[in-house]
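Welcome! Take a moment to look over the sequence and the model before reading on.

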Amino acid sequence: MRFFRFLLAALVTGLLLWFLKTPQKAGDKSLPPLGAFFNPFSGFWANAESVKGASFSDKKIPGMQGACEVVYDDLLVPHIFAQNLEDAMRVQGFVTASQRLWQMDMTTRKSAGRLSEVLGERTLAIDKMSRRRGMMFAAENALIGWKKSAEGMRLLEAFTEGVNAYIDQLSPADYPIEFKLLDYQPEHWSVLKTALVIESMAENLASGEGDLASTNALAQFGQQTFDFLYPEWNPKQQPIIPDTGQWAPAKVLTEPAAGNKRLSSSSSWNDQYSGPLAASELPEIDGYLKGSNNWAVAGSKTKSGHPMLANDPHLNLTLPSIWFQVQIHTPEQNCYGVSLPGVPGVVIGFNENTAWGMTNVGWDVSDWYQIKWADASHSKYMLDGRQSEVRKQIEVIPVRGKETVYDTVAYTVWGPMTYDNDPKHPLYDCALRWISHDVPEPDEMALFLKLNSGKNFQDYQAALKGFDCPAQNFVFATRSGDIAIQVQGRFPVRTKEQGRFILDGSNSANAWQTFIPQDMIPRMKNPARGFVFSANQHSTPQSYPYYYLANDFEDYRSRRIYDRLDTLHNATPASMKAMQLDNFSQRAADALPAMFRLLDQSQLDEEGRKMVKELSDWQYTYDANLTAPPLYDVWYDSCYLKTWDEMDVLRKQGKAMLMPEAWRFIELLEQDTANVFFDELNTPQRETARDVVNESFRAMQSFFRKNPDKRIDWGNYRGFALKHLAQIDAFSRLDVVVGGNKSTPNAISKTNGPSWRMIVDLGTPVKGLGVYPGGQSGNPGSKYYDNMVDTWAKGEYYELLFLSAPDEAPDRILAKQSFTSK
């Protein structure tokens, strides 16, 4: 009996040990080995920081040429004091990895199509799409370009050495908690991974296009109606660079070259397609979500007499934050700002002489080309009457817990056949031509390092010259008094509407023949008006001699910002804050009066009259505590969709269909109330704009009657979610209530918004203010993980600690750390 009990105890013990050491299933998700995860010495407990915060010890990085000291301030910002730039990059790599290693790993896995290695088959579709879009192809080509610059590669490799020095000194107990939760280990960094981080931003900011939706709209309505519904120029907007006679006549193509024609528009591109598109491919009612603001004002407009610069890039907001604050001090430079985890240098920031910021340009730099196959196996295609062979790339995708998946991607002269694995997809026979697939200029990565050390306008111009993608509006100011802005990127010279529709890929005349010369890139320096600015609007007026296109140039934030800058006098940092936090919607200010003029208020009940009174008193601001914005949004959206029901019904069927821009809709409300598009498809009578507005008002009333819980303030109605990258609610902030709207300068949606608010006063000394919705640490167990979120939500800023020596400002220094080679 005793022996039997011993065997039973041994069996139970063995089963328990097996259970604790083996990953377990919880529904469709995997759990890490619970024994390791709950181990009090090396499990998740080891990730908890003391209430006093982080602690630091001195470290060694192989290859260091001298000693380097890092001081951490009260926001956990590292201030790197190195004897040379190469060492500074090593230490930047180390300290960035020490706070954001898992974020860096996930960013590169997403770009490379390697999420399924650690997350299993639920991310297989994402991995396939990353590979089919050629993300790794783009990163490998970026590396080819970077290798042409010996100095640039030396600094990239130094940064890589620093990251790997941090990884090499980790024990399993030190791994970020997400590695423990997902039960995998960090792997070494490489310069290629830095390229993947850059391509991740390029995909986010420079891959937008509306070729399929435009092609379908042209087929649906014909050329004349298409031109009426989708004009490319909003006459009310203020472009980034006005026409001051600066553009000499250029020899550009305004008509298609011989054979350069789009595909026939005789039938809808979707006629061949029966299945629904993925939700991510459906156009939104008003799809503009990614945007940014920046401006610089001359000393003539400021109280101090010094220029000031402001920037707030609007991106998808996550925890950890997309940005990481850092100061880099060497004999060559002293700069402060935010970096991208995984990329050396400061991306947006300032130094002792200059400041710079960015917004997205938004020009279309990706086109779709229909391929005419020469054989049934799709191994050859026609180009200029000759057969060309595809290059087939076999993608090997390890899937955790499943068999390895193999996917073959065919590459043509245009680029990858992204959807040729799905015969039902409307782009099944199309290849993707994307600017980011090109080999960049050798100095592309040197851009930010040159800006970091720049001293004047000439340095700024020299730094921008090699930057290709994603194209950015670079705003700039100097302590000596200059202000400037430049629309920088590599832009194809297009014929009229080339790339607006799917193109014929059997004719090389449809290719991008050349690129806009650098000396014709739109730019402005020291305008008489005393300011430069951008908010993702059109770069130039129509007089610019080169044709460019985009489907989502911004139309309202830019007008509001222009009006405020134009009337600005004696500006202070408080003036800049007020502009960045401005919740005024120019779109609402345009639309609501037109809607009121068409509303028959005599037919309203008491509830309706109260709603009208509330909307009449509203000052068009999307403040979090107001209840009028939800009324307006529901009413406006109903008017918009009832007007464009011809497109909306096709969208609901899963067909890509271009929706008219908001400004065009409002213009029709103001000027053409009997237009045929106000007529609703599902009624026998002919409606006008007046009918649509009144019916939509009644629909708005009905919505709030049926949903009384929605009759609340704007902040709670719209909602806001600051989600962890792995969508772990326990590591997210779901309790933040903020105002703003995508049509306001404070452009906040449910998951997007100002990712970094920065204001720089270029006096003596240069001073900066800044905040982002997150924290320096990527560790959810750290007090510095989300310590800036509430400050950001309240519209407050931190004074950025810009040091000239490591022993300055001891009252704000949290810790010190030394780095040597031995």
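Is Cys335 buried or exposed? This is a predicted model, and in it Cys335 has a relative accessible area of 0%, so this cysteine is buried. Another cysteine, Cys639, also counts as buried, because its relative accessibility is 0%. The two are set side by side here.

| Residue | Relative accessible area | Class |
|---|---|---|
| Cys335 | 0% | buried |
| Cys639 | 0% | buried |

What about bonds between cysteines? A disulfide covalently joins the sulfur atoms of two cysteines. With sulfur atoms required to lie within 2.5 Å, the count here is zero disulfides.

Now for the chain as a whole. It has 822 residues, and 59% of them count as buried. Its secondary structure consists of 22 helices and 29 strands. Among contacts with a separation of 6 or more, 72% are between residues 24 or more positions apart.

Helix H17 spans residues 628–643 and helix H20 spans residues 689–706; their axes come within 8 Å and cross at roughly 130°. That angle makes H17 oblique to H20, and the crossing is right-handed. On the H17 side, the contact is made by Pro630, Leu631, Val634, Trp635, Ser638, Cys639, Lys642 and Thr643. On the H20 side, the residues in contact include Val692, Val693, Phe697, Met700, Phe703 and Phe704. Sorted by class, the contact between H17 and H20 has twelve nonpolar, three polar and two charged residues. Cys639 is thus part of this helix contact as well as buried.

Notes: Residues are numbered from 1 along each chain as its sequence is written. This is a predicted model: local features need pLDDT of at least 70, side-chain atom pairs count only at pLDDT 80 or more; totals for chains, interfaces and linings use all residues. Side-chain values use heavy atoms; hydrogens and water are left out. Axes are lines fitted to C-alpha atoms, for helices over the stretch in contact, and angles run from 0 to 180 degrees between N-to-C directions. Helices (H or I, at least four residues) and strands (E, at least two) are DSSP runs, numbered from the N terminus. Angles under 35 degrees count as roughly parallel, over 145 as roughly antiparallel, 65 to 115 as roughly perpendicular and the rest as oblique. A crossing is left-handed if the near helix is turned anticlockwise from the far one by less than a right angle, and right-handed if clockwise. Contact means heavy atoms within 4.5 Å. Ala, Val, Leu, Ile, Met, Phe, Trp, Tyr, Cys and Pro count as nonpolar, Asp, Glu, Lys and Arg as charged, and the others, Gly among them, as polar. Buried means under 20% relative accessible area, exposed over 50%, partly exposed in between (1.4 Å probe, protein chains only).
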